[in-house]
Amino acid sequence: MARRLRPVEIDFVGAAPVRLVFARNIAAPPEQVFRALAEDVPGWTQWFSAVTSARATDGGAGREIGLRGGTRFTETVLVAKAPDVYAYRVDTTNAPGARALAEEWRLAPHGTGTRVRWTFAADGTAPFRFALMLARPGLKRAFRDAMTSLDRRLSGR
């Protein structure tokens, strides 16, 4: 059953009780990466293997996301500033123990490519926060694999 989470703003990304931050360099330029993140929401299923369904809502102001294992999110886009940052908060989810969630994707030029930094910010019950810390290596691997897939997709390889 989906539950409504506490609505947070972009400052939550820097102040959340749990912050998981991952970074990777890819060959695609920031403008191209930003378009894949913010403008081609359904395309997430092609490069982020944990995402099984993705669609923009409210003319791009929101998203509906499904993950492997059945977790579902409805989200509100907090920042969409091309080509630098794309961030959103989770409004409702069926993930037990979550109280507030937000994600931020920061893009910076790196040579002819992009430095992608993903921050997963969360608050929840003590067991939820503990589970996230245990999940850190898996999330790191998922991010790494997603960036490799996105880079291949954007470069046509």
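I began with the aromatic rings: ring pairs link Phe22, Phe34, Trp44, Trp47, Phe48, Tyr86, Tyr88, Trp105, Trp118, Phe120 and Phe143 into a cluster. I count rings of Phe, Tyr and Trp (its six-membered ring) as paired if their centres lie within 6.5 Å; planes under 30 degrees apart are stacked, over 60 edge-to-face, and the rest tilted.

Ground rules. This is a predicted model, where local features need pLDDT of at least 70, side-chain atom pairs count only at pLDDT 80 or more, and totals for chains, interfaces and linings use all residues. Residues are numbered from 1 along each chain as its sequence is written, and side-chain values use heavy atoms, with hydrogens and water left out.

Ring pairs. I find 15 aromatic pairs in the structure. Phenylalanine 22 and tryptophan 118 make a tilted one, with 5.7 Å centre to centre and 35 degrees between the planes. Phenylalanine 22 lies in strand β2 (residues 18-26) and tryptophan 118 in strand β8 (residues 113-124), so this pair ties together parts 96 residues apart in sequence. Helices (H or I, at least four residues) and strands (E, at least two) are DSSP runs, numbered from the N terminus. I checked burial (buried is under 20% relative accessible area, exposed over 50%, partly exposed in between; 1.4 Å probe, protein chains only). Phenylalanine 22 is buried at 6% relative accessibility. Tryptophan 118 is buried at 3%.

Next I took phenylalanine 34 and tyrosine 86. Their ring centres are 6.3 Å apart and their planes stand at 85 degrees, so the pair is edge-to-face. Phenylalanine 34 sits in helix α2 (residues 30-39) and tyrosine 86 in strand β6, 52 residues apart. Both are buried.

Charge over rings. I looked for NZ of Lys or CZ of Arg within 6 Å of a ring centre and within 35 degrees of the ring normal. Arginine 63 lies over the face of tryptophan 44, at 4.5 Å from the ring centre. Arginine 63 also lies over the face of tyrosine 88, at 4.0 Å.

Strand β6. In β6 (residues 85-93), 9 of 9 residues are buried. I call two strands paired if DSSP finds at least two bridges between them. Strand β5 (residues 72-81) runs antiparallel to β6 over 8 bridges, with threonine 76 opposite arginine 89. A hairpin of 3 residues joins β5 to β6. Strand β7 (residues 98-110) is also antiparallel to β6, over 5 bridges; alanine 87 stands opposite glutamate 104. The β6-β7 hairpin has 4 residues between the strands, and glycine 97 in the turn has a positive phi of about 90 degrees. Strand β1 (residues 3-4) pairs antiparallel with β6 over 2 bridges, and arginine 3 faces threonine 93 there.
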